[in-house]
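Thanks for asking for a second pair of eyes on this one. Here are my notes, point by point.

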Amino acid sequence: MNETMMNALAALFEKHRIVFWYCEDPLLVADFEACAMPTVEKRDITGHPLATKVKVLLERPKDKFLLFCRGPRPADEENFLIDVLLANAEFQTDKASLLATELGLGPEATPVIKSCMGFFAAAKRVQELKSRLKDGGAENLEGLMLGIAAGVSGSGIERILMQLYKDKTGELARTIDRCGLTAYLWRAVRQAYGYESTDPSLDDFAMA
């Protein structure tokens, strides 16, 4: 199991006693088998939902478990373990989900991260994001990322616009675009200044 996956699992177990792993990729079975966490018992629960519920809730209610199930997550109405799952956590192995977990964010952050994968191509940006998240502000994840991409402290749209106007090469705007944050930039401008355009640009905004 690679370091990113191990870090994501460790982050989940810091907050939850039980973590479910529904695995649709047969190649990841080896990662489950290789996973070793001293304080966590891993169990392949495929086809054994009732025995699993008895084990984790009645027989060993304080122990930590990684519950691995081969195949997709069942529909909630067909999942005998749905109550246990909803009270705990699910480990997901797509890159965006792993990043969300590593950053200490909930699954609601995954779509945002998925749309901004270019941001995470630079390790320096990722480390800065982790640092800023420790100070709060997770509810404005795109704003934090935009501020980092623009090289300003905080997420104030005025300072970001000033940086864009000062950059005569256009490289900063291209960096923001590569990070997948251009759409968010103009949403923030619209919210702050009421500027709307089907083809927004700095020049057009300046003349609006």
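1. A term to begin with: a salt bridge here is a side-chain nitrogen of Lys or Arg within 4 Å of a carboxyl oxygen of Asp or Glu. Lys 130 and Glu 102 make such a pair, with their closest N and O atoms 2.9 Å apart. The two link distant parts of the chain, 28 residues apart: Lys 130 sits in helix H7 (residues 123-134) and Glu 102 in helix H5 (residues 95-102). Helices (H or I, at least four residues) and strands (E, at least two) are DSSP runs, numbered from the N terminus.

2. Please keep in mind that this is a predicted model: local features need pLDDT of at least 70, side-chain atom pairs count only at pLDDT 80 or more, and totals for chains, interfaces and linings use all residues. Residues are numbered from 1 along each chain as its sequence is written, and side-chain values use heavy atoms, with hydrogens and water left out.

3. How many salt bridges does the structure hold? There are 13.

4. Four strands form an open sheet in the order S2-S3-S1-S4, with parallel pairing. S2 (40-44) and S4 (89-90) are at the edges with a single partner strand each, so one side of each has no neighbour in the sheet. S4 pairs with S1 (residues 18-23) over two bridges, and Val 19 stands opposite Ala 89. Helix H3 packs on the sheet and touches S1, S2 and S3 (64-70).

5. Leaving aside neighbours within four places in sequence, Glu 142 is in contact (heavy atoms within 4.5 Å) with Val 112, Leu 181, Tyr 184 and Arg 187.

6. By contrast, Pro 111 in helix H6 (residues 110-115) is exposed, at 53% relative accessible area. Its C-alpha atom is separated by 25 Å from that of Glu 196, 85 residues apart along the chain.

Methods: Pairing = 2+ DSSP bridges. Axes fitted to C-alpha atoms, helices over the stretch in contact; angles between N-to-C directions. Buried < 20%, exposed > 50% of the residue type's maximum accessible area, 1.4 Å probe, protein only.
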